[in-house]
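Hi,

Here is the structure I said I would pass on.

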Amino acid sequence: MKKLTIKFDKDFYLSIIIGVFGMLTALGMFALSGYMISKSALGTPLYALMILIVTIKLFGFVRAITRYFERLYSHRSTFTMLRDIRVELFNHLIPIVPNVFRRYRSSDLLTQMVNNVERLQNILLRVYYPPIVIILTTFITILVMINFNIYAGIVIGISMFISVILIPYLSSKRANLLAMQVQQSEEDYVAEYFDFENGRSELKRFQQFVNFKEKVFKKQNQYEQKKYKEQKFLSTYDFMLNLSSMVSIWCMTILCIWQIQDGVLNAVFFASILMITITLFEQAIPMTNVAFYKADTERSLQNIEEVINQSFDEINGGSVHSDALYNAKNLTFKYDFQERPTLKNINFEIEKGQHVAIIGPSGSGKTTLLNLLMGLYSVNEGVLSYNKELLSQIDKEAYVDEINTMLQHNHYFEGTVRENLLIEAKDEEMKQVLSTVNLSYLDLDQQLTKNAENISGGERQRLSMARLLLRSAQIWMLDEPTASLDEHNEENIMHHLLNKDDTIIIVTHNLKYLQSFDHIIVMNEGEILEQGSYAQLMKDKGYLSEVIYYNEQLV
Ligand SMILES: Nc1ncnc2c1ncn2[C@@H]1O[C@H](COP(=O)(O)OP(=O)(O)OP(=O)(O)O)[C@@H](O)[C@H]1O
Ligand SMILES: [Mg+2]
């Protein structure tokens with residue numbers, strides 16, 4: 001498990017020293033103010049009061065300066081930390097981009113990660129910094145107090161313990177739970193809402209609009225209720241803290257009066273002690289949100305580490321013992337958040353230059369297997385190797401250049417046909433491949449709308465093929481490349497492909513061309529049912545031979 005490193009730099013320690021100094025200055029300033037009030041009540045000469053006032057002003061001035069430097073150093077330290085975390089996170093992400101980005105939609109992942117890093121800014125400022133400063137300050141104050149008035153020191157010690165440690169600690173678990181519930185119900189609500197927004201016309205067509213709308217409202221209500229519950233709890237928490245500080249101040253007042261009556265305490269210090277207590281609480285209470293921020297930042301850290309680690313767990317694999325171009329050995333694959341593996345016990349070898357067909361019923365895992373071969377996902381167990389190296393460990397950028405891939409759903413851009421061919425090539429070459437795929441009637445400068453909606457499904461598929469024909473990659477992985485084509489165009493494309501010396505792996509539902517493949521992998525429910533050459537499979541009289549037999553009967 002890889003952990004993110006949170007570094008505490010020099011600035012952080014400096015900000016703590018200055019912070020403690022600043023708080024002590026504030027305490028001193030208020031103690032002196034209390035002393036001055038008592039003195040003036042007792043009729044001290046004006047010049048003595050003037051000296052006190054000037055000293056208090058001086059304290060105020062020092063306090064302002066410490067505030068400035070405390071902020072400067074603590075913020076600088078925070079931004080340095082965030083910068084380092086961002087660099088570390090992206091350094092981790094870059095080598096594993098295809099895996100991670102296929103699991104999350106890329107924009108979601110980036111938004112999530114940016115928010116998570118952003119939330120980490122509270123780590124120093126709100127999680128580590130406040131308790132250290134408040135504990136150090138309270139400790140110094142108690143030490144001074146004990147020398148001066150031991151009982152007052154004890155009262156401060158106990159009351160600070162209750163308000164700053166005990167109550168926040170007891171509340172933090174509940175607060176964390178409530179915050180998680182709010183986050184969860186917010187995600188549920190947002191997901192439902194966008195589902196509703198995107199599916200408006202479908203819902204209307206199937207008369208489900210009102211039902212779905214009610215579901216969205218229900219989620220919204222749930223979210224608002226959770227939010228309300230959290231707010232209520234936070235208000236109670238705030239009330240508890242204020243109550244405990246008020247009780248402490250009252251205790252201190254009673255203690256002082258009692259001591260004055262007994263002649264233990266000089267009345268002139270009464271106001272000072274009270275001022276110190278009030279100031280200490282005033283500074284400490286806002287810092288007691290540590291527990292909440294801690295929970296929040298911990299969740300963010302966990303999210304970031306989860307993404308980083310996902311890839312690291314995958315890059316362990318086993319060792320490769322095959323000279324084949326591709327080798328799968330006891331391969332198992334499970335999509336995230338799924339209970340059952342989508343692929344299991346997968347074993348095969350694909351030699352360089354072989355033409356391989358992957359067939360099987362819908363949902364049997366053909367696309368998933370092809371995606372693994374493309375390096376878009378990594379295996380959970382077992383081995384998948386390419387050129388005697390684990391596919392998860394090879395340089396993905398170089399690999400992408402070596403393969404020609406066509407997915408079940410391809411992307412097209414708003415722009416000309418030429419731009420959609422996605423390559424710098426001579427017009428002649430482009431026209432040549434367009435003609436190969438029977439698209440010579442398309443002009444290179446013809447404008448395509450978003451997702452090429454202004455050409456037909458079959459034309460889009462042939463355009464995808466034209467793109468690939470312009471590349472020089474020698475490994476082809478095609479997911480139902482002729483699914484939208486008529487028989488004539490299909491034959492043209494298959495003929496063209498199967499005449500190549502390249503390695504070709506095609507997922508297909510079409511049994512017609514199977515005889516022309518060197519190797520056929522038959523999948524069913526995530527497993528390989530049978531594999532071999534066409535002749536071998538026919539001889540074995542297994543699944544494929546049966547399917548072909550029934551098809552022939554139908555014809
Ligand atoms: N992104 C995904 N997340 C979770 N499960 C998935 C995902 N993609 C596919 N599956 C599940 O994995 C199984 C295999 O899907 P796959 O797309 O590989 O099937 P297929 O053989 O290509 O089917 P088809 O012939 O319909 O294209 C299915 O049960 C599907 O529900
Ligand atoms: Mg598929």
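**Pockets and cavities**

The lining of the second largest pocket splits into 12 nonpolar, six polar and four charged residues (Ala, Val, Leu, Ile, Met, Phe, Trp, Tyr, Cys and Pro count as nonpolar, Asp, Glu, Lys and Arg as charged, the others, Gly among them, as polar). Bear in mind that this is a predicted model, where local features need pLDDT of at least 70, side-chain atom pairs count only at pLDDT 80 or more, and totals for chains, interfaces and linings use all residues. Residues are numbered from 1 along each chain as its sequence is written, chains are lettered from A and ligands numbered from 1 in the order written, and side-chain values use heavy atoms, with hydrogens and water left out.

On a 1 Å grid over the protein atoms alone, a pocket is an open set of points with protein on both sides within 12 Å along at least five of seven lines, a cavity is a set where a 1.4 Å probe fits but cannot get out, and lining residues have an atom within 4 Å of a point. Points are joined across faces, edges and corners, and a volume is the space filled by probe spheres set on them.

That pocket has a volume of about 630 Å³. Of its 22 lining residues, Val400, Thr405, Met406, Leu407 and Asn410 lie nearest the centre. Helix 3 (97-103), helix 12 (396-402), strand 6 (403-406) and helix 15 each give two or more residues to the lining (DSSP runs numbered from the N terminus: helices H or I, at least four residues; strands E, at least two).

There are also two cavities of 30 Å³ or more. The second largest cavity is about 40 Å³, and helix 16 (487-498) gives the most to its lining, with four residues.

Cheers
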